Amino acid sequence: MIEIRLLPKKVDFANTELYNLDVYKERRLSELILLKLGGSVITDKTQPFTARTDVLTQLAAEIKSALDECGADLQLIIGHGSGSFGHEAAAKYQTHKGAVSPESWLGFAEVASVAAELNTIVMKSLRETGVPAIKFQPS
């Protein structure tokens, strides 16, 4: 379960024990949160190139619920790891060593390609639950 805590849109300043900072008066809280969906959570690392669609569906529903509850006070940037997608290709080409040979570049291209495949699956899960997710391609 994703837990997001925000100050209420309207604060009861009669309860000074809870809120005694003047800075919150007449101000709405707007949060920008970076949420990373870990690759080992959204993929099955025992099976190469295997997304855990049941987990993605659950996470997407919880994100949608948080957005519905918080409205415009919650702005999310959602990222994700590559899990069994990227790690398989990275290990095959040993991309952690950098560009050590012409074949290294093929490894980088393959890692980028399989990461994009996983991103497509993540984006589909988010859109299917009504999360207005937009993809930003890393450069």
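Gln94 is partly exposed, with a relative accessible area of 36% (buried means under 20% relative accessible area, exposed over 50%, and partly exposed in between, with a 1.4 Å probe and protein chains only). The structure is a predicted model, in which local features need pLDDT of at least 70 and side-chain atom pairs count only at pLDDT 80 or more, while totals for chains, interfaces and linings use all residues. Residues are numbered from 1 along each chain as its sequence is written, and side-chain values use heavy atoms, with hydrogens and water left out.

Gln94 lies in the loop between H3 and H4, where helices (H or I, at least four residues) and strands (E, at least two) are DSSP runs numbered from the N terminus. Its phi is positive, about 50°, although Gln94 is not a glycine. A positive phi is also found at Phe49, a residue other than glycine, with a value near 55°. Phe49 belongs to the loop between helix H1 (39–42) and H2 and is partly exposed at a relative accessible area of 39%.

The structure holds two aromatic pairs (rings of Phe, Tyr and Trp, the last by its six-membered ring, pair if their centres lie within 6.5 Å; planes under 30 degrees apart count as stacked, over 60 as edge-to-face and the rest as tilted). One of them joins Phe49 and Phe85 in an edge-to-face arrangement, at 6.0 Å centre to centre and with 85° between the planes. This pair links distant parts of the chain, as Phe49 sits in the loop between H1 and H2 and Phe85 in helix H3, 36 residues apart. Phe85 is buried, its relative accessible area being 3%. For the rings of Trp105 and Phe108, the centres are 5.3 Å apart and the planes stand at 70°, so this pair is edge-to-face. Both residues lie in helix H4, three residues apart, about one turn of the helix. Trp105 is exposed, with a relative accessible area of 57%, whereas Phe108 counts as partly exposed at 29% relative accessibility.

The largest nonpolar core has 16 residues (a nonpolar core is a set of buried Ala, Val, Leu, Ile, Met, Phe, Trp, Tyr and Cys residues joined through side-chain atoms within 4.5 Å). Within this core, Leu37, Ile42, Leu118, Val122 and Leu126 touch the most other members. Two or more residues each come from strand S1 (31–37), helix H2 (53–70), helix H3 (83–93) and helix H4 (102–128). H2 gives the most, with five residues. Leu118 touches Ile42, Thr43, Ala51, His80, Gly81, Ser82 and Phe85, not counting residues up to four places away in sequence (contact means heavy atoms within 4.5 Å).

Ile77 is found in strand S2 (residues 74–80) and is partly exposed, with a relative accessible area of 45%.

Ile134 is placed in the segment after H4 and counts as exposed at 63% relative accessibility. The C-alpha atoms of Ile134 and Met123 are separated by 7.8 Å, the two residues being 11 residues apart along the chain.
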